[in-house]
Amino acid sequence: MQKLATRLQQFRSGSPLSFRLLAYILLFSSIFTLLASGIQIYSDFRKDVSVIEERMRVVETSYASSLSRSLWALDQKLLEIQMEGILSLPDIVQLNLQIAPNSEIVMGEVPRGAATRQHTFTLTHEGDEVFKLGEMSITASLDQIYANLKRKVLVILATQFLKTFFISILIVWIFQYFVTRHLSAMANYARTFSLTNLPEPLQLDRPDTELNRIDELSQVTEAINQMRQRLHQDLEQQSLDAEEIRKLSKAIEQSPSSVLICDRQWRIEFVNQKFTQLTGYDAESMIGKHPGMLTDDPFLQRENRQLWQAIQLQVQRVGVWQGESNSIRKNGERFWEQLIVTPIKDANGQATHYLILGEDISIRKRYEQQLLRQANYDILTGLPNRMLALDRLKLALAQAQRENSLVGVMFLDLDNFKHINDTMGHDAGDNLLIEAARRISSSLRGTSTVARLGGDEFLVVLPGLQGADSTTQVAERILQTFASPFHIGNQEVFVTTSIGIAIYPTDSDNSGTLLQHADAAMYQAKSKGKSAYERFSPEMKEVSHERLQLESRMRRALELNEFELYFQPIIQTATGTLTGAEALLRWNNPSMGMVMPDKFIPLAEETGLIIPIGEWVLEQACAAAVRWQQATGLELGISVNVSPRQFRDPGFVDAVLRALRNTGLDPRRLELEITERLILDNTIETSDILSRLDEEGVRLSVDDFGTGYSALSYLKSYPFDTLKIDKSFVRDVMREQEDASLVKAIINMAHSLGLKVIAEGVEEEDQTHFLKAHGCDYSQGYFYSRPAPEEEFAIWLKTNRRAQM
């Protein structure tokens, strides 16, 4: 042992590499031996334990039935005999039989501190029913197994250690003789190497054989000697290159872009400071890794591997790769990175390294995605907007052309949406649009597109249809979803939709024309009572064209002074005295001639043009009444019709007061005629507007009363002055007893509420006598005068005699 220790000391002092080799061989051989021995010992241990566990399972299989019979027969002696037989088996130390409900039999004893295994099984008796008789627990001792295990460990460790130690000593001696002594000679040569002894070559103390000339030691010796020859040349060049390298190193290290340099195998050799700031990975941990394998997440590694395979392939083929990558930081945060990958080539054009430049473009990508969404989706409802919808429609048409299928285009417009929006506010209107979008979307299949075109208009594209009937089925489903009320705030409102349908290629093979045809069909559905759908037919095209032309010309009618007012006198029925006039709007277009109100007023109401037109009517009507007073001295009242859209405009009251202020007309001489539909709304806004007008002295009249006379119940809540009986009842008052009774009832009820009554549509003298006899306050109609322009009406004021009767 003394010699062995001396030999080890020589190894340690004279050949550190040999000593470390010995140590490593001993260490790793010991570890391997321990692992192998441990695995073998553990395997043997598990086999022994498995034998015991199998023995207990065999006991269950063999004894469960007989134990159950003995227990059922209450044969305790037989039970004890059977349990003693089980207890006599190897390693079985205790049996515990739990007998239902609360008895037990215990045999054997578990040694103190012993390792055990336990197995429990249930004893049952099967007859007409299954009875649980009890549970048997078998306890086995593992002490014998552990004793055997200790003996095996000692024997295996002793024999393996001695074998490993002597083999290691032999290997180290061989290594020291053939390698380390020559490495020591090379080290001594390198220590004394300088510019003064360059001519002295390195020589090793070993035979000059063919085998020795080609081994690694000879290669290193030759390389050192070649280095001597190049050293002088390199020293001169090195002084020049060192400064350039320092400049490049500083530029790369301080670059605003992240920089990675990889070797030919795409292993990272260098990362700059910007890379560590951008990704959170420190430079030391990156060296030797692949740039696509920085994360430990297996899923991300597979994802990055595919990307970097494509990058490497393109760099090899084209020489550069530039693109965007969804990278990940060390903390798991995703970010977008602009990458440029190029090879670094030597003088022969061969790639020696690869340069990777990266820049964080997350903010730019976020803005791009936001702009893309804003450009293609409606912000309120989240549906595709007009631009994206048209793109999808064109794609659907192209696909249908290839597949010889149909495409349905549905144009939807919410009925009475403007009424909800004006009376309940824009927030309520927005909530209504969101819910309407949800209901429309819920009626469609996955391949269909629903888009919001703007306002309350929606577009539905139904691709891949096999028959035109599919569009009507979808339309019916949509109408059905609108049948239930909308809950806006704390109120229930009912809003329906009108749907126009056009089919590709039946109605057109052009997306723009299909939309026009669907739009025309939608207006046809609205004209038939709303909450309906219509298929496009050729005759609708003319109607649609006429409507567009009418809207286009109406938008310029105000600035071109094409609107004018006609006036029809209002007469006191009892005396025939002129008390005022109603202003009636007419449109005199040079191309279309005189356009009657029932043709353009609904369109003006729909497009919102009724608001500026209504303000113009108020101003002109008040000014005309002032002129009549100046010309005749008569303080005549002037009645002006107010449309629902105009009435709900937030600036309506201000517009009325402005017209009175600008013209100087006494507010008591202005009477505004309000439709029954506004009264039936019974909203807070309606009441506030009417109260404000009443406080200013403006007179208020219910127009066309009779078609909804149930509104009488609301009249006491509003400050109305006058009630106008619809002309449809006055016309037949002398021929239809029902109409006569209705007119009399209206007059009586109005008077009981303190209201004056005006009868519209008086055309015959007998009608005037009937109205006079039943106390109708005022009359208006062709019997007295047809509506006339202001100049003709002014002449009528001076020359008429019927009004003076």
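Hello everyone, let's begin with helix H9, residues 298-318, which lies across strands E7, E8 and E9 (351-360) and runs at about 35° to E8. Contact here means heavy atoms within 4.5 Å, and axes are lines fitted to C-alpha atoms, for helices over the stretch in contact, with angles from 0 to 180 degrees between N-to-C directions. Helices (H or I, at least four residues) and strands (E, at least two) are DSSP runs, numbered from the N terminus.

A word on the source: this is a predicted model, where local features need pLDDT of at least 70 and side-chain atom pairs count only at pLDDT 80 or more, while totals for chains, interfaces and linings use all residues. Residues are numbered from 1 along each chain as its sequence is written, and side-chain values use heavy atoms, leaving out hydrogens and water.

Back to our helices. H10, residues 362-376, also lies across E7, E8 and E9, running at about 125° to E8.

And the sheet itself? It is an open one of five strands, ordered E6-E5-E9-E8-E7, with antiparallel pairing. At its edges are E6 (268-271) and E7 (321-328), each pairing on one side only. Pairing requires that DSSP finds at least two bridges between two strands. On average, neighbouring strands of this sheet are turned by 25° against each other, direction ignored. E7 and E8 (residues 334-345) share eight antiparallel bridges, and Ser327 stands opposite Phe335 in E8.

Now please find strand E15, residues 497-504. Why is E15 described as largely enclosed by the rest of the structure? Because eight of its eight residues are buried, with buried meaning under 20% relative accessible area, exposed over 50%, and partly exposed in between (1.4 Å probe, protein chains only). Thr497, Ile499, Ile501 and Ile503 point one way from E15, and Ser498, Gly500, Ala502 and Tyr504 the other. In a regular strand the side chains alternate between the two faces of the sheet.

Which strands pair with E15? E16 (residues 533-535) runs parallel to E15, joined by three bridges, with Ile501 opposite Arg535.

Last stop, the surface: Phe28 sits in helix H2, residues 16-72. Is Phe28 buried or exposed? Phe28 counts as exposed, because its relative accessibility is 53%.
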